[in-house]
Structures are given as structure tokens and as C-alpha cells.
Amino acid sequence: MKIGFKFGGQKKSVEDTQEEMNKNPSETSSTAEKPDNTNGPSGQNRPRTIGELKASGYKPVPIREEMRRNLIALIKAKRPIFKGIIGYDNTVIPQVENAVLSGQNIIFLGERGQAKSRVMRLLVGLLDEAVPVIRGCEINDNPFSPNCKSCRERVAVEGDNTQITWLSREDRYGEKIATPDTTIADLIGDVDPIKVAEGRYLSDELTMHYGIIPRTNRGIFCINELPDLMERLQVGLFNLLEEADIQIKGYRVRLPLDIILVASANPEDYTSRGRIITPLKDRFGAQIRTHYPVTIKDEMAIVEQEWQRFSDGDVNFYVPDYVKEVVAEITHLARKSADIGQRSGVSVRVSIANMETVVANAIRRATVLGEKLAVPRISDFPYIVASTSGKVEMEGFEEKNEQKIIDDLTKKAVLIVFNRYFQFDELEPIVKQFNGGFNVETSDSMSAKSYMRYVKEIPGMAKAVKKMTDAETPETVASVIEFILEGAHLNKRLNKTKVEGKTVYKK
Ligand SMILES: [Zn+2]
């Protein structure tokens with residue numbers, strides 16, 4: 001089984017990659033953002049044989065030295081190393097840098113949605129732009145010291161004429177999610193029964209079918225959810241790292257690899273007894289604890305960076321700051337809620353998906369009503385049950401309960417955010433208007449224009465709206481009016497009832 005198997009797949013030489021870049025510059029433009037750690041010749045002038053490589057004076061170095069050298073260069077140049085990672089500047093990032101400077105394997109411990117995978121993948125930016133390998137080698141052999149038998153034989157025959165190719169940094173990264181059914185064959189390799197039947201010597205490496213780790217030789221290999229790996233495989237992994245020696249189906253195979261091993265795990269799984277064999281634990285020089293955004297500001301910054309926007313329709317959108325704050329606050333409250341299981345955590349992806357949902361509901365409304373601007377409102381928030389419930393573990397089992405838990409979190413979040421903007425006495429003139437039977441109906445399907453009369457009818461409303469926004473578009477004003485009414489209700493200044501899909505605020 002190859003669940004969650006992510007790997008570069010077919011290896012591409014740098015020449016191939018450049019051809020692709022010419023074909024489709026937009027797709028590969030992200031690589032231009034990578035730090036320019038060029039060691040040795042680049043582009044068209046790259047040597048193509050071992051002889052040419054020798055003549056160029058190129059000196060291959062072990063991956064630990066390569067990453068260390070490039071990291072030091074980036075630090076000196078004050079260039080960003082983990083681009084797009086927010087909130088880790090004083091916690092996770094210095095620890096990762098220390099691990100790289102120490103040449104250590106790293107394990108990241110953290111709950112879901114703490115950018116572990118992203119940090120792991122960004123380590124690729126510390127590799128050289130490309131390194132030379134013997135052309136056709138399955139395990140990326142160093143041209144000057146080939147490991148596999150087929151390369152050793154080729155170099156013995158072809159000598160300096162042996163062809164080499166250049167492996168790009170993106171192709172030096174392998175990743176696998178550990179599952180209980182991950183096998184030695186997936187990770188390390190298997191002996192090929194057909195070749196064995198051909199009469200080859202059984203412990204001969206030529207009979208090996210390499211797994212993902214040897215194929216990531218001279219690169220970074222990441223294994224996610226390490227505790228889910230069977231103990232037998234953990235022993236295999238340890239032997240590979242420690243002894244460069246592995247037993248497969250009873251045959252000893254020598255496999256000296258030059259690899260940085262990076263892993264991730266949920267902290268509870270990792271520390272619980274018996275889930276990880278101690279010798280393997282010892283092979284991780286650095287154990288780094290990741291965390292959720294500490295501040296609402298960081299949570300909002302991540303959402304702002306990540307949420308998916310589309311610009312294909314004829315409806316524009318605008319998201320008021322208070323909506324962003326409520327979205328972030330709901331997630332922060334969920335991380336402390338007794339109604340939500342905290343073992344696997346509440347991912348930042350909850351915030352991102354909730355943001356997308358409230359904007360989507362606003363766009364849906366604008367489209368139905370023929371409005372040109374979509375602005376999310378409080379009445380859009382009940383829809384986040386769809387983007388929240390699958391990503392958190394509710395302590396209750398009934399569906400009813402789910403909606404209730406999420407509604408309660410939303411109310412608490414709105415109250416916290418509202419009280420950041422408004423003082424109690426600012427509500428007085430607004431609330432006064434509701435004496436004597438005055439009421440206001442709101443709903444996620446009502447047009448923005450239908451709210452506009454309240455700016456005039458309710459004394460103090462114009463001033464309160466002005467405090468939240470300078471915009472005079474009905475869509476934005478309607479959103480702010482809902483926020484103010486809900487804030488007054490949550491501060492126990494107005495009652496609220498639901499009638500036929502509409503919310504009625506009254507005394
Ligand atoms: Zn080889």
C-alpha cells in the first residue's frame with residue numbers, strides 16, 4: 001500500500017527541468033524564489049562526464065556539510081530561510097537552524113496543522129541548486145565514490161567517460177506518511193525474486209529493488225507520523241542510519257546512504273511508552289516542539305496568506321477586520337474548549353477554511369441578490385459548521401451537538417471581538433431605540449440595502465458604524481450593523497429570537 005506517498009516520482013535531470021521552464025515559465029516560477037545556493041558550475045556549462053567533473057575542480061560534500069554551508073551563507077546575507085512561516089521566528093526556526101548547523105536528524109513534535117510539513121519541505125531550500133550524480137543510478141551515486149554495484153562496474157569499465165547528470169534540489173526530497181501497513185519494501189527495499197531466480201548471488205545488491213529512502217540518497221527524507229511505523233521497521237530504520245547495513249528477507253545488504261532524516265509525530269504518540277524504540281529516538285539529534293499561533297494577530301496573518309480567493313466572478317468581496325478577528329478567535333477558543341478533543345489539536349486550517357466559508361456565503365448571497373460586493377456578516381457564521389466539524393474531534397456525538405458547540409464558540413468569539421471595539425455605554429443610544437416594540441430583522445439572505453434605513457432610524461447607529469468602517473457601501477454597512485446588534489445582544493442589552501430563518505433583535 002502506498003497511502004500518502006509523495007515523492008518526486010520520475011527523476012528529472014536539470015536539463016529536463018530547464019526544458020520545462022522554457023515551455024511553461026509560470027508553472028516553475030516558484031523555483032526562482034529559492035535561495036541561490038550555487039555550488040560549482042551552473043546551467044549549460046555543467047560537466048557531463050566524470051572526467052569533465054574532475055577537470056572542473058568540483059568537490060562533492062556530504063549533505064550535512066552542504067546544508068550547513070548554505071545556511072551560514074543565508075544567515076550572513078540576512079536572507080529569509082523559511083519563507084511564509086509565520087510566528088516561529090523566536091521558537092521553532094532558531095532550533096531548526098541549530099539542528100542544521102549541528103548536522104542533526106530532526107523530529108518535529110506537534111499537533112495537526114502546525115506547518116510541520118511545510119517547514120520540512122522548506123529545508124530543500126538549503127540544498128545546492130543541483131548536485132552531480134552518475135547518470136541512470138537509482139540511488140543518486142556520487143560520481144567520485146559510487147555505492148551501488150552497477151555504478152561501480154560502470155566506472156570500472158568507462159572510467160572518466162562515465163556519464164553524469166545533475167539532480168536539482170527539488171528532486172532530492174522524499175516524503176512518506178507512516179501507516180501501520182508501511183513495509184520494509186516501501187521504505188528500504190526488497191530483493192527481486194525474478195533476479196534471484198536468474199541465479200544471481202542472493203546477497204548481491206543487484207537483486208535489490210530500492211525503496212524510497214535509498215532513492216532519496218544524498219537528499220532529505222521525511223517520514224510523517226513516525227509512531228505509526230511498526231517496530232520491526234523502526235529497527236530497520238535505525239540499522240540503516242547507524243550501521244549502513246540492513247537485513248532484508250534474511251540477506252545482509254550494505255547500503256551506506258548520505259541522508260538527512262526528518263520526522264514528525266503527535267507529541268502524545270511519541271512520548272507514550274513503547275511507541276518508538278529508544279535507539280531510534282536517540283538518532284534524532286533535535287526534537288523540536290511546534291505550536292499554534294500564539295497570538296490572534298499571527299493566526300490572522302496565516303489566514304490572510306493562505307485562504308483561497310477566486311477572481312473569476314463579477315462579484316467583488318471585502319472582508320472587514322472584525323470578521324477576520326472572529327474567525328481567528330473561534331479557533332483560539334476551540335483550542336481551549338472542553339467540548340473539543342485536544343489530543344490532535346485544532347489546526348490553523350480550521351481558520352483558513354472558515355474564512356473561505358463565510359466569504360463563500362457572502363458571495364452566494366450577492367450572486368442571488370444581484371449585488372456587486374460580497375461582505376461576510378454575522379449571519380454567515382452558522383455555515384462554518386461544514387468547515388469546522390470534520391477537522392476537530394467533538395466530544396459529543398450528535399449532529400445537533402456539533403452545531404451547538406460551534407454556535408457557542410462563535411458567540412464567545414463575537415463577544416470578545418466586539419468588546420475590543422466598543423465600550424458598554426456606547427450602546428446606550430442604540431439600545432434605547434428598541435424600547436416600545438421596535439425590532440430589527442436580519443438574515444444571511446437579506447439584501448444589504450434593506451439594512452440602510454437603520455443607520456437613520458436608530459440613534460447612535462451611524463456613529464457606531466463609522467467607528468468600524470469608513471466605507472459607505474450598503475454591503476459593508478449591513479455587515480457592521482449585524483455585528484453591532486449581535487454585540488449588544490451578547491452583552492445582554494438586546495434579546496434575540498429566530499423566526500423562519502430570520503433573526504429578530506428586540507427588547
Ligand atoms: Zn549507482
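Visitor: What share of the contacts in the protein chain with a separation of 6 or more comes from residues 24 or more positions apart?

Guide: Such pairs make up 76% of those contacts, a contact being heavy atoms within 4.5 Å. This is a predicted model, where local features need pLDDT of at least 70, side-chain atom pairs count only at pLDDT 80 or more, and totals for chains, interfaces and linings use all residues. Residues are numbered from 1 along each chain as its sequence is written, and side-chain values use heavy atoms, leaving out hydrogens and water.

Visitor: What makes residues the protein donors of the zinc ion, and which are they?

Guide: Donors are N, O and S atoms within 2.8 Å of the metal (3.2 Å for Na, K and Ca), and sites may look incomplete because water is not among the atoms. C137 (SG), D141 (OD), C148 (SG) and C151 (SG) lie 2.1 to 2.2 Å from the zinc ion, so they qualify.

Visitor: Why is the arrangement of the 4 donor atoms around the zinc ion called tetrahedral?

Guide: Four donors count as tetrahedral if all angles lie between 85 and 135 degrees. Here the angles are 100 to 128 degrees, so the arrangement is tetrahedral.

Visitor: How are the donor residues of the zinc ion spaced in sequence?

Guide: Their pattern is C-x3-D-x6-C-x2-C.

Visitor: Are C148 and C151 buried or exposed?

Guide: Both are buried, meaning under 20% relative accessible area, with exposed over 50% and partly exposed in between (1.4 Å probe, protein chains only). Of the 507 residues of the protein chain, 49% count as buried.

Key
Four donors count as tetrahedral if all angles lie between 85 and 135 degrees; four count as square planar and six as octahedral if opposite donors are over 155 degrees apart and all others between 65 and 115; anything else is irregular.
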